[in-house]
Amino acid sequence: MTDKTMTPEEVVGRLRSGMTLGIGGWGSRRKPMALVRALLRSEITDLTVISCGGPDVGLLAAAGRIRRLVAPFATLDSIPLEPHFRAARESGALRLTELDEAMFMWGLHAAANRLPFLPVRAGLGSDVMTVNPELRTVRSPYAGDDGAFEEFVAVPALRMDAALVHLNRADRLGNARYLGPDPYFDDLFCEAADSAYVSCEEIVDGFAGAVPQTLLVGRHSVTGVVETPNGAHFTSCAPDYARDEPFQKLYATTPWPVFAARFLSGKSEDDYQQAVRAWHEEQQ
């Protein structure tokens with residue numbers, strides 16, 4: 001058994017410019033934001049990002065770190081469209097590969113199972129095929145009950161050099177548990193990547209008595225574990241904490257240079273958390 005605990009800086013030290021990086025979570029829910037902020041403190045750029053996009057995408061896009069985004073959406077949930085993603089997209093600062101949510105999921109499944117693609121019905125008859133002309137279809141080698149050979153979309157595997165996810169609890173070996181209502185594909189992100197890094201609210205000694213279905217991520221697919229209390233802020237990490245809606249609104253309405261100067265110019269995650277606390281105290 002191997003102790004896989006790391007710091008955010010050690011995780012980022014294993015990443016490189018030009019990588020394909022997967023980021024777990026969903027919209028503005030349980031995003032590995034402490035790891036994203038550590039990435040922003042580095043010089044890493046020119047990334048291909050695969051994500052059910054939220055402020056992870058917005059922060060990286062605003063900082064000019066994304067070359068290409070593969071995503072079914074980019075939202076803050078209570079704010080429908082991620083504003084910094086929108087600005088980057090409208091200015092042509094990044095290339096977007098937009099997939100149907102089901103296509104995105106099966107692309108992760110294909111990568112997790114080391115398959116080049118998986119056939120799906122999702123996307124047929126939609127503009128997904130128009131905006132992604134590189135997508136191909138395949139014909140089933142097996143006839144259906146009506147004797148026809150059905151056509152499917154061949155969704156390519158969403159392979160990644162590295163993945164970042166955030167779970168509620170993890171042990172030092174890399175096993176991780178979610179306590180909220182949804183796994184958000186985090187297990188697939190870990191299995192689809194060459195290396196995977198799990199941040200968590202708390203590192204625990206074990207999972208005695210845990211409901212098996214909540215033990216989402218296994219140590220076999222994890223490279224490193226990082227304890228980052230409040231590390232999903234300002235996204236939610238149910239049931240540990242809800243989304244910080246006042247701060248999210250501030251993020252969405254503040255010019256990027258002003259927001260970055262106040263909250264992202266520190267040298268550590270502690271600096272960010274202290275800046276957020278100071279801002280909340282000012283609102284009282």
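Biologist: How many positive and how many negative side chains does the protein chain have, and what makes a residue count as either?

Modeller: There are 28 positive and 37 negative side chains in the protein chain. Lys and Arg count as positive, Asp and Glu as negative, while His and the chain ends are not counted. The centres of the two sets are 3 Å apart, each charge being placed at NZ of Lys, CZ of Arg, CG of Asp or CD of Glu.

Biologist: What kind of model is this?

Modeller: This is a predicted model, in which local features need pLDDT of at least 70 and side-chain atom pairs count only at pLDDT 80 or more, whereas totals for chains, interfaces and linings use all residues. Residues are numbered from 1 along each chain as its sequence is written, and side-chain values use heavy atoms, leaving out hydrogens and water.

Biologist: How do you know whether the radius of gyration agrees with a compact globule?

Modeller: The rule is 2.2 Å times the number of residues to the power 0.38, with the radius taken over C-alpha atoms. For 284 residues a compact globule would be near 19 Å, and the protein chain has 19 Å, so the two agree. Along its principal axes the C-alpha trace spans about 70 × 50 × 35 Å.

Biologist: What makes helix α3 largely enclosed?

Modeller: In α3 (residues 55-62), 7 of the 8 residues are buried, so the rest of the structure largely encloses the helix. The buried ones are P55, D56, V57, G58, L59, L60 and A61. In α2, 8 of its 8 residues are buried.

Biologist: What makes a set of residues a nonpolar core, and which members of the largest one touch the most others?

Modeller: The set must consist of buried Ala, Val, Leu, Ile, Met, Phe, Trp, Tyr and Cys residues joined through side-chain atoms within 4.5 Å. The largest such core has 46 residues, and L59, L69, F247, F263 and L264 touch the most other members. Helix α2 (residues 33-40) contributes the most to this core, with 6 residues. A separate core of 40 residues includes L99, A111, Y178 and F185.

Biologist: What makes the backbone at R30 and R114 worth a remark?

Modeller: Most residues other than glycine have a negative phi. R30 has a positive phi of about 45 degrees, and R114 one of about 55 degrees. R30 is buried at 2% relative accessibility, whereas R114, at 48%, is partly exposed.

Biologist: Which peptide bonds are cis, and how do you know?

Modeller: Among them is the bond from H233 to F234, with omega near 15 degrees. Another joins A238 and P239, where omega is about 0 degrees. F234 is in the loop between β11 and α8, and P239 also lies in the loop between β11 and α8.

How values were computed
Buried < 20%, exposed > 50% of the residue type's maximum accessible area, 1.4 Å probe, protein only. Helix = DSSP H or I, 4+ residues; strand = E, 2+ residues; numbered from the N terminus.
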